[in-house]
Amino acid sequence: MKVLVAVKRVVDYNVKIRVKSDNTGVETANVKMSMNPFDEIAVEEAVRLKEAGTASEVVAVSLGVKQCQETLRTALAMGADRAILVETEAELQPLAVAKLLKEVVAKESPDMVLLGKQAIDDDANQTGQMLAALMGWAQGTFASKITLADGKAEVVREVDGGLETVSVNLPLVATTDLRLNEPRYASLPNIMKAKKKPLDTLTPDELGVDVAPRLTTLKVEEPPVRQAGIKVPDVATLIDKLKTEAKVI
Amino acid sequence: MSDIPRLVEAHDDIRDAVRKLCADFPGPYWRWLDRERAYPRDFVAALTEAGYLAALIPEEYGGSGLPLSAAAAILEEIQRAGCNGAACHAQMYVMGTVLRHGSEEQKRRWLPEVASGRLRLQAFAVTEPTSGTDTTSLSTTAVRDGDGYVVNGQKVWTSRAEHSDLMLLLARTTPRDQVKKRTDGLSVFLVDMREVKGKGLSIQPIPTMMNHNTTELFFEDMRIGADCLVGEEGKGFRYILDGMNAERILIAAECVGDARWFIEKAVTYANERVVFGRPIGQNQGIQFPLARAHAQSEAAALMVDSALARYEAGVPCGAQANMAKMLASEAAWAAGEAAIQTHGGFGFAEEYDIERKFRETRLYQVAPISTNLILSYLAEHVLGLPRSY
């Protein structure tokens with residue numbers, strides 16, 4: 001079977017992000033970028049499926065600016081076989097990404113698409129679900145375990161109340177949660193091999209997708225600075241404050 | 001990440017991957033090793049397994065065949081992440097002597113083993129108690145005897161000898177009074193220490209102010225085969241010199257990494273630590289030493305690049321390699337000094353890792369060559385002043 005993995009280039013999780021002075025977004029100039037950590041988990045899962053002999057080919061796809069090539073090279077160094085970049089300077093919202101991925105899926109016909117459950121930049125948590133809906137495919141989101149057998153997949157999902165196991169038919173869109181696996185770091189020989197692996201570039205126009213944003217960002221602001229807590233002398237005061245000030249009881 | 005063109009490849013992909021690996025070996029790991037004076041086995045195993053220590057070994061012998069700038073990037077990132085590459089950096093450059101001067105048979109026999117990590121080649125026995133940088137006056141002898149050599153003498157400051165399988169040894173094969181030039185008559189041997197330990201070779205650890213796993217070695221009628229000889233007999237001094245530029249450049253890159261670690265750590269602290277109602281980083285007394293150390297480390301990094309570019313182009317780089325090592329070790333020291341001062345009392349607390357790195361980076365103003373000898377080299381060979389010693 002063939003697995004398609006979507007990877008997003010985001011501000012590195014170690015970077016302390018700053019809001020742009022004109023409040024239009026987050027500062028990304030001269031900021032270290034890397035692969036969305038949930039997508040690393042998706043790549044790892046796909047590569048493990050290949051190592052186990054379950055998957056025959058792993059294709060990594062990224063959508064966005066030219067520099068997403070670096071993110072794809074990371075995926076290739078982790079073990080993906082080839083990569084596709086849908087290159088655009090346009091702002092991509094989840095629906096546009098899902099539509100683009102649908103067209104890539106139509107070209108590639110994978111049996112499974114793996115994505116991170118969300119990206120750590122906008123935390124939208126929408127792309128996987130939208131893609132499954134657009135394709136009319138089964139979905140297994142927030143996966144902490146994926147077992148494949150006989151054209152079916154058993155996905156253990158991390159839900160609010162604990163774990164839920166769903167059994168679905170392939171083809172499948174799965175989104176990865178934190179506990180699915182621990183991604184490997186690329187070895188030096190694999191980083192060197194990744195430079196020679198094929199990386200194809202497409203454009204939204206070639207795929208016939210209108211990526212114009214449907215949502216408008218009005219304003220991006222820093223969260224308010226947290227106020228220091230207070231100490232109360234006794235339980236009675238605490239209860240009183242919870243009732244009259246915090247109004248939670 | 002900068003878009004400014006560099007003199008050598010930046011190797012950003014390799015740097016990213018090294019940082020990820022290093023993230024698995026945070027401060028508490030190094031503090032524990034430091035307390036126990038233990039060798040960072042797991043860290044070195046992870047680096048070996050991921051192929052980093054074989055970066056310079058040609059692909060035909062199982063390595064990645066990368067240029068020196070890749071090794072410099074790897075070591076700089078290790079230091080910049082707060083780890084310590086001294087535990088294994090020699091694995092990168094010691095093999096260069098075998099690669100350049102060894103026979104095809106030696107290369108085929110040993111390099112793939114080193115590349116795979118099955119064997120470690122990171123002991124380099126040159127310095128002796130009575131001959132430091134005055135290498136040609138060393139007194140360890142290797143005397144031809146039948147189908148091999150018999151070695152007698154002593155070496156000191158041989159780092160990692162207890163954590164290496166193979167050792168590169170420099171010994172005198174022709175007595176000094178029988179050679180025309182004092183640089184003649186020295187030979188290099190690649191010794192399989194597993195075969196001679198306890199049979200002519202004994203290793204004595206030297207406790208030092210940091211966790212460096214250095215030792216002294218004693219040779220008493222240590223018998224080695226004639227096939228241990230690297231290159232031609234009597235030409236060993238030149239072979240060793242060939243490798244020294246690479247060593248100096250790589251250690252300079254490590255110092256740049258140290259400097260950057262100190263500065264990043266101190267800047268973060270200076271922005272967070274509030275005294276008298278404002279972050280201490282707002283005080284010029286805190287800012288200026290950090291800004292100066294930053295300028296010093298950036299200048300040193302440029303000199304490292306210059307040395308790397310010359311090395312990779314195959315043109316003489318002795319002056320640049322020496323200057324890079326001197327400037328980078330001093331930049332790291334200035335940054336360490338600024339970092340400890342910025343942290344005040346906390347700089348002395350083990351849990352901030354600064355005191356550990358402070359002790360570790362001090363070494364590089366002394367080893368592998370001291371600052372004074374670099375200055376003497378520059379004065380004599382670059383400026384054309386009379387030899388001072």
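**Exercise 1. Is B:Ser131 buried or exposed, and at what relative accessibility?**

Solution. A few ground rules come before the steps. This is a predicted model, in which local features need pLDDT of at least 70 and side-chain atom pairs count only at pLDDT 80 or more, while totals for chains, interfaces and linings use all residues. Residues are numbered from 1 along each chain as its sequence is written, chains are lettered from A in the order in which they are written, and side-chain values use heavy atoms, with hydrogens and water left out.

- Step 1: B:Ser131 sits in the loop between β1 (121-125) and β2 (141-145) of chain B; strands are DSSP runs of E of at least two residues, helices runs of H or I of at least four, numbered from the N terminus.
- Step 2: Apply the cut-off. Buried means under 20% relative accessible area, exposed over 50%, partly exposed in between (1.4 Å probe, protein chains only). B:Ser131 has 1% relative accessibility, so B:Ser131 is buried.
- Step 3: List the partners. Beyond neighbours within four places in sequence, B:Ser131 is in contact (heavy atoms within 4.5 Å) with B:Ser137 and B:Leu138.

**Exercise 2. Find which side chain joins that of B:Thr173 in a polar contact of 2.6 Å**.

Solution. 

- Step 1: Look in the loop between β4 (166-172) and β5 (186-192) of chain B, where B:Thr173 lies.
- Step 2: Check burial. B:Thr173 is buried because its relative accessible area is 15%.
- Step 3: Name the partner. The side chain is that of B:Ser187. A polar contact is a pair of N or O atoms within 3.5 Å; within protein, one must be able to donate a hydrogen and the other to accept it, and residues adjacent in sequence count only if both atoms are side-chain atoms.
- Step 4: Widen the view. Leaving aside neighbours within four places in sequence, B:Thr173 also has contacts that include B:Tyr149, B:Phe189 and B:Glu233.

**Exercise 3. Describe the interface of chain A and chain B**.

Solution. 

- Step 1: Count residues. Twelve come from chain A and 17 from chain B.
- Step 2: Give the area. About 1300 Å² is buried, 58% of it from carbon and sulfur atoms; buried area is the accessible area (1.4 Å probe) that two parts lose on being put together, summed over both.
- Step 3: Count salt bridges (a side-chain nitrogen of Lys or Arg within 4 Å of a carboxyl oxygen of Asp or Glu). There are three, one of them joining A:Lys195 and B:Asp13, with the closest N and O atoms 2.5 Å apart.
- Step 4: Locate the side of chain A. Helix α5 (residues 188-194) of chain A gives its largest share, four residues.
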